[in-house]
Number of protein chains: 2
Amino acid sequence: MERKAEDFARQQREISISEFFEKNRHLLGYDNKVKALLMIVKEGVDNALDATEEAGILPDIYIRVKEVKNERYEIIIKDNGPGIVKKQIPRIFGKLLYGSKFHRLKQNRGQQGIGISAATLYTQLTTGEPLEIVSSTGDGKTHKYRIKINVRRNEPLIIDSGIEEGVDWRGVQLRFLTEGLYREYKQSILEYLKQTAISNPHARIVFDSPNGRTEFRRGVESLPKEPKEIRPHLHGVELGILTRMLRETKARTLLSFLTGEFTKVGRKTAKEICSKAEMEENKKPKSVKDEDARKLLEVIKDVKLLKPPTDCLSPLGNEVVKEGLRKELNPEWVESITRPPEVYRGWPFQVECGLAYGGSIQEPKFMRFANRVPLLYQQGDCAITKSVTGIDWRRYKINGKRIPEEPLAIFVHLVSVWVPFTSESKEAIASYPVIIKEIKLAIQECARKLGLYLSGKRKHEYHQHRIRTFERYAEETIKALSELSEEDRERVKREFLELINSNNNKITEEENGGAKEAEKPGEERDGPDREERKSKDRASRQVTLERLLR
Amino acid sequence: MERKAEDFARQQREISISEFFEKNRHLLGYDNKVKALLMIVKEGVDNALDATEEAGILPDIYIRVKEVKNERYEIIIKDNGPGIVKKQIPRIFGKLLYGSKFHRLKQNRGQQGIGISAATLYTQLTTGEPLEIVSSTGDGKTHKYRIKINVRRNEPLIIDSGIEEGVDWRGVQLRFLTEGLYREYKQSILEYLKQTAISNPHARIVFDSPNGRTEFRRGVESLPKEPKEIRPHLHGVELGILTRMLRETKARTLLSFLTGEFTKVGRKTAKEICSKAEMEENKKPKSVKDEDARKLLEVIKDVKLLKPPTDCLSPLGNEVVKEGLRKELNPEWVESITRPPEVYRGWPFQVECGLAYGGSIQEPKFMRFANRVPLLYQQGDCAITKSVTGIDWRRYKINGKRIPEEPLAIFVHLVSVWVPFTSESKEAIASYPVIIKEIKLAIQECARKLGLYLSGKRKHEYHQHRIRTFERYAEETIKALSELSEEDRERVKREFLELINSNNNKITEEENGGAKEAEKPGEERDGPDREERKSKDRASRQVTLERLLR
């Protein structure tokens, strides 16, 4: 039996974004109970760090995870941030796709306006409980809300709200009552907080877990450089977005539109664009037709423009990376590299990499970060992983074909005004070729240094081994020499040991020379000074031996 | 300088789902120009197949991809489906999260209400051009629309529309003008259509590519079994969804709510649930409080329920899988398995697997399908891939540790009323443990059969090799035997070759016996009949040889 178009028409309906993610909660990272707890803590802490930083406050964050019933947990996250004004509270926590960070280009932890409301959504889906929010902006009033989400409409549902006067504090406290499972696996809340402490040494974080308290103290007493908000870059703008910007701008002329809405476009460049596109500089942006916008974009492709400004990015910097790795892993060797900023789709980004070797490190460790947030899941899908496995590690004297098989920690951090995540759960970075290229260059630069260190270290170990073998027979040899030469035994011993030592020193010098040589293969190994010193050494040793064997 | 909560409040804004995906277009699969063309064709063809099938029409689909300018393509997709009623056209193609398939549980290709509007979104983003839709429901009127999306509001923007009377056809034709790049790589439109033809042998598909026409003829003249829409299963329902269903139901009593809104809940079971939860059967569903709903769910956990019905699923079936693999790959061996249905999160699903070996297959080939749609990207992230790499292939005499290194094609198809994809681009299946388990069991069952075939084949090859060696010296031996026995040379030759042949047949018999043995290790290899036959053979050969050497 054939069915008609009219039958199908009746079933057509709008789908709210809340409904969509309720059914597809694995897209938001809520695939299982262990991960669910991590996701909720992560959204809360990331928001707290964003808020305190933007308000210029050194963050002080308290987290408590407590099992109240079998597989049911109370999660409290409290910060000392600027607080949230009353009327914004319901929508920030009870409406997906609502926020302050999506419509601007700024390096932030959050960017989508989904995360914290998704935590509310998961909570009510599993336990039916609302999220409790307590907030004060420091004006002596504390607002308290209990909120759910009206899933069909994607709007906040206020269960109740209240106000308390005369309380002297400032910040936000969230209280979730959710289904979950607390485990201290590799990808746990504890690991997330440990890595967060490395990438946010200016934060103090206290965590009361079901297994006890962990405190992460502040490592530095100042906030990181504040990243600036930027305007989009003309070379990355797509036609659909350009036409919308033309329609929505407040600029009255095409010229002021170009100079005002985009970064690095001066009057001269704007005039050049208008003239090449054969368009009036004074044309009203709203009157630019679709074909004209297309022409404009054609012209822009061939106009030289400065790269976007880089003060919009705030990487950790080499010292913070190295200090973090030292503090956390206690390695015998550590190095770090910060690459210059680059651009994808018109958006600036920057990569930094740290390597730490040996010491307390027992096995390969791999840490990924985006805008100071540790990424714990979906490792295989991430541009950082693809970069690591794309490197031939043996070129740097590091064992392992695609992945290093050494006590080596790899730390990679990408900052950007818009991080391209592979899913709404923000666990992996999408593989734009220019991003892969930058990550690879950063890792390779560090790996080269590690290679030099390792080749020196291995040479040294080899010689140490030889000397130890020699020393094992020293007593015998001294005895024989003393008898043959009829010299005093103590004196023979002294000179003999001196000899070994001088040999040892010489090897150490050679190692340093060897390392230098590896770095600059063209340079001559033995300068005249050195040669002279060496022949002197040789001569003096000859004398000693002759005397001994005389 | 500290900033205040008030400063931040001003920046808070709603984000439309269109804006979200415009900025995150890689989430929808639009990462690059080659893939963009595939995505558009795929959305169009999947919709056409869904529509024709649901309307009970044998699909006849025409696709044309034509380069109109450098990296600018015209894509036409035309079907013979039921058409779309006039007033639905704009929203179906010009609004994300709008459709007929999200709110029901039915095995469909589409399910999200995103795909085809995403194609419109990408087109207008890259070329600024609207999508042109021509549709007729077969009533003699043809409606034509040109549509864009108002991204800020996620609403369709009708550029123009018209109507033509007296045209005798029925169906939908789409015309995109998009940026892209046509390549016939591994993951191309052509490959997608090839695989689509395998999983939809009832469809006729004609594809005019920039490189010429390819036609996929109908393999069967009947539509697949129509999958039924089902109601949710109580054991999969989550608290948040239960409370919403209680609020929205038209049922007047709790009893009729339970029996009417869920699958496999009879009056007896419903009564049992009410009594265990200590709730009135006649209670109005709307008056059930949150705590009561929680109690209801607690009780439901322990109530025995029948599994969901399986007529909601329509797998291809063994014959179609095998025929498809034979037609497409021309292998020397093929086998297929359909598993019984299973359930995840309350939703039924079913797995079928086909293996094809040798013949025209040159290298390992891997085909993934979900609800008859081929999955070409994000292979590493897919539950099917994880199942394949989780199998120890050597156990089945197949070379390769995690991935078979043989001329072997692996075909896996998952059907479900709701396929859990890992992203909106629907390229990989999420790794629910029960799904992985079912896929593994299906593959292993096929692999076992392939193992038997391969061990027989290898034994046969070994013996053939031995016989060939023997035959190489046959002439010499015959000559010598004839001279020694003074028998006629032609007679010696005849008897000698008979002997080789009988030996050959015997080996073939043994192989079959061997294969049987492998299947049932407990069974005795040589029955009395067989033993008898063997000794007869041996005796007759003895006679011949004796005669020859007499």
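Predicted model: local features only at pLDDT ≥ 70, side-chain atom pairs only at ≥ 80, totals over all residues.
View 1. Helices (H or I, at least four residues) and strands (E, at least two) are DSSP runs, numbered from the N terminus. Residues are numbered from 1 along each chain as its sequence is written, while chains are lettered from A and ligands numbered from 1 in the order in which they are written. Local features need pLDDT of at least 70 and side-chain atom pairs count only at pLDDT 80 or more, whereas totals for chains, interfaces and linings use all residues.

**View 2. The open sheet of chain B and the helices lying across it.** Here 8 strands run in the order β7-β6-β5-β8-β3-β2-β9-β10, with mixed pairing. At the edges sit β7 (155–165) and β10 (212–216) of chain B, each pairing on one side only. α3(B) lies across β2 (60–69), β3 (72–78) and β8 (171–179) of chain B, at about 15° to β3(B). Helix α6 (residues 189–199) of chain B lies across β2, β9 and β10 of chain B, running at about 170° to β9(B). Angles run from 0 to 180 degrees between N-to-C directions, and axes are lines fitted to C-alpha atoms, for helices over the stretch in contact.

**View 3. α7(A) packing on α10(A).** Helix α7 (residues 239–248) and helix α10 (residues 290–301) of chain A meet at about 120°, with axes 10 Å apart. The pair is therefore oblique, the class left over once angles under 35 degrees (roughly parallel), over 145 (roughly antiparallel) and 65 to 115 (roughly perpendicular) are set aside. A:Leu239, A:Leu242, A:Thr243 and A:Leu246 of α7(A) make the contact with A:Asp290, A:Ala293, A:Arg294 and A:Leu297 of α10(A); contact asks for C-beta atoms, placed from the backbone, within 7 Å.

**View 4. Where chain B meets chain A.** The contact takes 55 residues from chain B and 55 residues from chain A. Among the elements contributing two or more residues on the chain B side are α3 (33–55) and α5 (115–126) of chain B. Across the boundary, strand β4 (residues 98–99) of chain A is joined to β1(B) by 2 bridges, running antiparallel, and A:Gly99 has B:Arg13 as its bridge partner.

Methods:
Contact = placed C-beta atoms within 7 Å. Pairing = 2+ DSSP bridges.
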